[in-house]
Each structure stands twice: as structure tokens, then as C-alpha cells.
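Have a look, then we'll go question by question.

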Amino acid sequence: GDLTTPTAGSIDALAQHFPLCMANLHKTLRATHHLKHYGRLQYTLFLKGLGLSLQECITFWRGAFELIPDDKFKSEYLYNIRHAYGDVGGDANRRGRGYTPYSCQKLLTEALPSGGQQHGCPYRTYAPDNLTTLLQNVGVTDRQVLSGVKEDVGRQRYHIACNRVFEHAHKAQLRKVKDEGLWSAAELDLVTHPNTYFKRSFLLKN
Ligand code: SF4
């Protein structure tokens with residue numbers, strides 16, 4: 001795979017490398033053909049951080065919101081995508097650049113979702129049993145990992161839970177890069193950004 005030029009059509013395949021926050025948004029989007037405002041913003045900025053161009057991002061959302069007519073898409077959703085990329089609006093500072101993809105710190109401190117919203121970090125926003133189900137749905141079934149996650153979450157160490165899942169999902173690959181000294185200490189440090197999670201996962205598995 002090519003990390004430098006993702007397209008609207010490659011997002012489904014790339015989703016296997018997403019951290020739970022983004023995998024959850026992607027899954028919800030595909031299942032319901034919709035995401036509420038904050039989820040859209042969080043996911044759009046993550047996709048931007050992946051290197052998805054504005055044009056491809058618009059193509060992605062237009063396709064994903066397939067139940068919504070063109071005129072409604074244009075009037076209600078298009079502007080926000082362009083705004084996130086800095087194509088329209090904003091102050092002079094942000095023009096041409098738009099907004100920065102959200103870090104874990106940001107996602108772990110924002111207002112909790114309610115009423116069908118799916119934004120934020122699921123390690124924090126999901127009730128423990130629902131979190132276990134969500135993890136199982138994305139292929140994390142190891143009992144020890146799931147109970148470790150429960151403990152982490154009980155101590156409000158949400159990003160530690162996320163790193164636990166990352167390490168489990170990439171165990172063999174991480175052992176290899178460690179044994180062969182391929183990654184620096186910084187590259188092996190805790191993941192603190194969804195885009196870092198993605199990038200490391202992609203590099204380890206390609
Ligand atoms: Fe996403 Fe960060 Fe939460 Fe992991 S810890 S699910 S990367 S917000």
C-alpha cells in the first residue's frame with residue numbers, strides 16, 4: 001500500500017489500521033450512512049491527517065452520505081469539510097491550512113457525546129461492557145487484553161488501554177522492529193495521537 005496518497009476509495013482498506021476512536025466513527029458511518037457534527041469534524045480532520053486531499057475527502061463524504069440528496073449535501077455538509085481544510089472561512093491564521101487533527105489529549109478532554117453522537121475516545125466514552133463489545137467487533141478478543149483494558153479504564157488511564165490494544169494487535173511486528181533496532185525510542189514510545197496510531201500500524205503491517 002501507499003501511505004502518501006490515500007484516496008476516497010482506499011479508506012475502507014486503511015480502516016484496519018485505525019485506532020478505536022476512528023474505527024468506531026468509520027463503522028458507524030458505514031452502518032448508518034451518517035455521523036453527527038462533532039464526529040464528522042473529528043473524522044474529517046483525522047482523514048486530513050492521513051494525507052487525504054480535500055477533493056478526495058469531499059468524494060469520500062459524498063459517497064458515505066449516500067442517502068442524502070446532492071443539494072442538501074452541498075448546503076449542510078460541504079462547507080464544514082472545506083472549512084476543516086482551510087479552503088473557506090476561518091481567520092487569516094487558518095486560511096489555507098484549516099484545523100489540526102485532534103490529539104488524544106484533546107479527544108479525552110472534550111465534552112462527552114450524547115444522543116447518538118459517537119465522537120471522542122471510546123475508552124472514555126463507552127460503558128465498560130459496551131467497550132468490550134466494541135473491541136470484540138474490531139477483532140480484539142484476547143481475554144487478557146480485554147481484562148487489562150477494563151483495569152486501565154477503571155483507573156481512567158484511557159490512552160494506556162489504547163496502547164495496550166495497539167501492542168497486542170502488532171505484537172509480532174513490534175518484536176521484530178525492536179529486535180532489529182529498526183525504530184527509535186521515540187517511534188516506540190506511547191501513542192498519543194490517532195494519526196500516530198494509524199501511521200505506526202500501517203508501517204508495521206506493510
Ligand atoms: Fe483514539 Fe487516542 Fe482514544 Fe486511542 S487513546 S482511541 S488514539 S483518542
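Q: What is the volume of the largest pocket?
A: A bit of background: this is a predicted model, where local features need pLDDT of at least 70, side-chain atom pairs count only at pLDDT 80 or more, and totals for chains, interfaces and linings use all residues. Residues are numbered from 1 along each chain as its sequence is written, and side-chain values use heavy atoms, with hydrogens and water left out. On a 1 Å grid over the protein atoms alone, a pocket is an open set of points with protein on both sides within 12 Å along at least five of seven lines, while a cavity is a set where a 1.4 Å probe fits but cannot get out; lining residues have an atom within 4 Å of a point. With points joined across faces, edges and corners, and volume taken as the space filled by probe spheres set on them, the largest pocket comes to about 340 Å³.

Q: Which residues lie closest to the centre of the largest pocket?
A: The lining of this pocket holds 20 residues. Elements that give two or more of them are helix H2 (20–32), H10 and helix H13 (194–205), where helices are DSSP runs (H or I, at least four residues) numbered from the N terminus. Closest to the centre are Ala15, Gln16, Phe18, Val138 and Tyr197.

Q: How many residues in the lining of the largest pocket are charged?
A: The classes work like this: Ala, Val, Leu, Ile, Met, Phe, Trp, Tyr, Cys and Pro count as nonpolar, Asp, Glu, Lys and Arg as charged, and the others, Gly among them, as polar. The lining of the largest pocket has 12 nonpolar and seven polar residues. The charged count is one.

Q: Which element gives the most to the lining of the second largest pocket?
A: This pocket has a volume of about 200 Å³, and 15 residues line it, with His37, Leu41, Asn80, Ile81 and Ala84 nearest its centre. Two elements give two or more residues to the lining, helix H3 (37–50) and helix H5 (70–84). With six residues, the top contributor is H5.

Q: Which residues lie nearest the centre of the largest cavity?
A: The structure holds one cavity of 30 Å³ or more, and about 100 Å³ of space lies in the largest cavity. Its lining takes at least two residues from each of H2, H6, H10 and H13, and by class has 11 nonpolar, two polar and no charged residues. Out of 13 lining residues, those nearest the centre are Cys21, Cys104, Cys121, Cys162 and Pro194.

Q: Which residues surround the ligand?
A: The ligand takes up the space of the largest cavity, on the rule that more than half of its atoms lie within 2 Å of the grid points. Helix H6 (104–107) and helix H10 (158–169) each supply at least two shell residues, and the shell has eight nonpolar, one polar and no charged residues. Counting residues with a heavy atom within 4 Å, the ligand is surrounded by Pro19, Cys21, Cys104, Leu107, Cys121, Tyr123, His159, Cys162 and Pro194.

Q: Is Phe18 buried or exposed?
A: Phe18 sits in the loop between H1 and H2. The cut-offs are under 20% relative accessible area for buried, over 50% for exposed and partly exposed in between (1.4 Å probe, protein chains only). Because its relative accessibility is 5%, Phe18 counts as buried.

Q: Where is Gln156, which has a positive phi although it is not a glycine?
A: Most residues other than glycine have a negative phi. Gln156 has a positive phi of about 60°, and it is exposed, with a relative accessible area of 57%. Its place is in the loop between helix H9 (143–154) and H10.
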